[in-house]
Each structure stands twice: as C-alpha cells, then as structure tokens.
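Work through the exercises below with the structure open beside you. Each task is followed by a solution in steps.

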Amino acid sequence: MPENLLRGKKGIITGALDENSIAWQTALKAKEQGATFVLTNAPIAMRMGAINELAQACDTIVVPADATSVTDIEKLYDEAKEFLGGNVDFILHSIGMSPNVRKGRPYGDLNYEWVQKSYDVSAISFHKMLQVAEKKDFINEWGSVVGLSYIAAQRAYPFYSDMSEAKAILESIARNYGQRYGQLKKVRVNTISQSPTKTTAGSGINGFDDFFDFADMMSPLGNASAEACAEYIITLFSDYTRMVTMQNLFHDGGYSFSGITPTIVEKFLSK
Ligand SMILES: NC(=O)c1ccc[n+]([C@@H]2O[C@H](COP(=O)([O-])OP(=O)(O)OC[C@H]3O[C@@H](n4cnc5c(N)ncnc54)[C@H](O)[C@@H]3O)[C@@H](O)[C@H]2O)c1
C-alpha cells in the first residue's frame, strides 16, 4: 500500500458512528495516509460516545452538526478551519437515514413527512454542505468531495423504499454541483455506489442479510467491505484522481455489470 497519499491534506469526515461505519474506516485510512481532518456527526449520534475514541486515535476533534441544518454546517466549517489552520482539501458525506425504512413502512404506504426527512438527511444535506462550502470559499482548488450511494438509485430494489429516490437525488447533486464547482474552483464532486455493507444504516434495512448474500454471489469479486470502500475514497481524495468529477463510481466487486453469475446458477441447480 503506498504511503502518504494524503500528506498535507486537510478534510472533514462525516458519519462515523462505530467501527463498522464506512466513515470510521475512512478516517483510519486518511490518518494512515498523512491527512489531518475534523470528524463530525449528528448531535444525537454523539450520545453513543464511540466517535470520541476514533477522534483520539486520529488526533483530532469532533464537531457535532446536524447535516440538515445550514447553521450547524456553517459552525462546523468555522470550527474546522480554526482547528486545521485553514481551508480543506476533501469532504466525505457519509450520511443516510430513512424513517420509513427504519420503521418498516411499505413503499405503498409511505409517511410523506418522513419521505421529506429521508431526502433532507440523505441527499439535500449533500447540497447544503457544498453550497455552504462555496459561500464560505472553504474548499481549496483541486479539492475533492465524495458522497456514498447505492445502485437502487438506478434499479428497482423493493426493500430500499424511499432511499432509492434519495440516492437518485444525491447522485444528481454530484453531477450538477460537480459541474458548477469544477468551473468555479476545480473542485471535484463524485459519488461512490457501494456494495451492501454490514453497518448500522445497512443492517436497518428489511431482509438485508439475505440480500447481502445474494449480492455477494452476484459479484465476481464478492461484496466490497467498508475497509475496501475507505481505500477507494482515499484515492478519490488523492491527487491521482484530479480529473475525475461528476461521476457515480461503482465500488461493488462487479455486481452492477453482472447479469447472472455461475455461483447463482449453481445455487439454483442445487435446488
Ligand atoms: N451499508 C450499506 O449497505 C451501504 C451501501 C451503499 C451506500 N451506503 C451509504 O453509506 C453511507 C454511510 O453509511 P454506513 O453504511 O457507513 O452506515 P452508518 O450507520 O455507520 O452511517 C450513517 C451515518 O449517518 C449519520 N447521520 C444520520 N442522520 C444524520 C444527520 N441528520 N446529520 C449528520 N449525520 C447523520 C449517522 O449518525 C451515521 O453515522 C450512507 O450514505 C449510506 O446510505 C451504505
């Protein structure tokens, strides 16, 4: 593994809840690769306390911020700037939540207030983080912003419910803000479409374990882990991907382009 890919780079990492989180693994890798950064999560997630252990391991601070609140994001950027001694080179948006999914509401009986909440937390917050950054001129030239998506943005997955639309919005924001920020300041914006991953957000989805196994059999390389995703994120924060922007990048062991795999055929034949 090359060392110091992020040497001298500063950033913000959202969404580290516990060691299973994609953001948690990203923070460990970013530290390993020489970056300095500030951690943040929703004030309610602070109660679990685990993020403070991560902060200690990464020699950094945690700034609580609800990503749906523009005021909180402004405060986050101001405090991060003070701690880091300047603007940032990368931001990770690793945030997702749907009250409808959490509470098991079927797609034909959605609570629309919760739908708004799903979109706001999981997608519009990405726009808010980008817009506040632009207004404050908070990201350095050739900076990199990454959000996390799922293939239900393009294909129908019944269990993913209103999160499917949330991810479609998220990917659209990456394209549109990517174009804007690229022209303004050479800042790139991408989403990574990740395999099903055993995290708090992932496991909250009905039937997740069965689907996890199915996706694993449909992926020639198997499901991508949170740690592997973190490694991919690091490459997107590095200078080796400076010309990649406005993309939705599949990080799924080949799942997205497999029609069927021999493993799945064998599974059927054995029945
Ligand atoms: N786990 C999977 O199967 C999978 C697959 C593809 C994409 N993703 C995406 O990866 C991202 C990270 O999720 P994860 O799987 O690491 O799970 P996770 O539960 O560890 O992380 C989700 C994070 O979102 C945070 N969050 C929720 N509401 C917030 C708010 N209002 N403000 C700030 N933070 C808030 C949570 O506190 C949590 O830390 C999400 O966007 C998720 O949709 C996950």
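Tyr160 is found in the loop between strand 4 and helix 7. The model is a predicted one, and the first exercise starts from this residue.

**Exercise 1. Describe the surroundings of Lys167 and of Ala153.**

Step 1. Lys167 belongs to helix 7, residues 163-185. In an unreviewed entry, UniProt lists Lys167 under "binding site", along with Gly15, Ser21, Ile22 and Ile95.

Step 2. Lys167 counts as buried because 25 C-beta neighbours lie inside 10 Å. Apart from residues up to four places away in sequence, Lys167 touches Ser149, Tyr150, Ala152 and Ala153.

Step 3. Ala153 lies in the loop between strand 4 and helix 7. Ala153 is buried, with 22 other C-beta atoms within 10 Å. Its contacts, with residues up to four places away in sequence not counted, are Ser164, Lys167, Ala168 and Glu171.

Step 4. Ala153 and Ser94 are 59 residues apart along the chain, and their C-alpha atoms are separated by 16 Å.

**Exercise 2. Find how helix 6 and helix 7 are oriented to each other.**

Step 1. Two packed helices are described by the angle between their axes and the distance between the axes. The axes of helix 6 (residues 112-136) and helix 7 come within 8 Å and cross at roughly 10 degrees.

Step 2. Angles under 35 degrees count as roughly parallel. Helix 6 and helix 7 are therefore roughly parallel to each other.

Step 3. Residues of helix 6 that meet helix 7 include Ser118, Ser122, Phe126 and Leu130. Among those on the helix 7 side are Met163, Ala166, Leu170 and Ile173. By class, this contact of helix 6 with helix 7 has twelve nonpolar, three polar and one charged residues.

**Exercise 3. Work out why helix 1 is described as largely enclosed.**

Step 1. In helix 1, the buried residues are Ile22, Ala23, Trp24, Gln25, Thr26, Ala27, Lys29 and Ala30.

Step 2. Eight of the eleven residues of helix 1 are thus buried, so helix 1 is largely enclosed by the rest of the structure.

Step 3. Take Ile22 as an example: 27 C-beta neighbours lie inside 10 Å. Not counting residues up to four places away in sequence, its contacts include Ser94, Leu148, Gln194 and Ala226.

Step 4. Just after helix 1, Gly34 takes a positive phi of about 90 degrees.

**Exercise 4. State which element gives the most to the shell around the ligand.**

Step 1. The ligand is surrounded by 27 residues, and the closest are Ser21, Gly96, Thr199, Ala201 and Gly202.

Step 2. Helix 1, strand 4 (139-149) and helix 8 (200-203) each supply at least two residues of the shell. Helix 8 gives the most, with three residues.

Step 3. By class, the shell has 13 nonpolar, 13 polar and one charged residues.

Definitions and conventions
Residues are numbered from 1 along each chain as its sequence is written. This is a predicted model: local features need pLDDT of at least 70, side-chain atom pairs count only at pLDDT 80 or more; totals for chains, interfaces and linings use all residues. UniProt positions are given in the numbering used here, feature names are shortened, and annotations may be inferred rather than shown by experiment. A residue is buried if 20 or more other C-beta atoms lie within 10 Å of its own, exposed if 12 or fewer, and partly exposed in between; C-beta atoms are placed from the backbone. Two residues are in contact if their C-beta atoms, placed from the backbone, lie within 7 Å. Helices (H or I, at least four residues) and strands (E, at least two) are DSSP runs, numbered from the N terminus. Axes are lines fitted to C-alpha atoms, for helices over the stretch in contact, and angles run from 0 to 180 degrees between N-to-C directions. Angles under 35 degrees count as roughly parallel, over 145 as roughly antiparallel, 65 to 115 as roughly perpendicular and the rest as oblique. Ala, Val, Leu, Ile, Met, Phe, Trp, Tyr, Cys and Pro count as nonpolar, Asp, Glu, Lys and Arg as charged, and the others, Gly among them, as polar. A residue is near a molecule or strand if its C-beta atom, placed from the backbone, lies within 6 Å of it.
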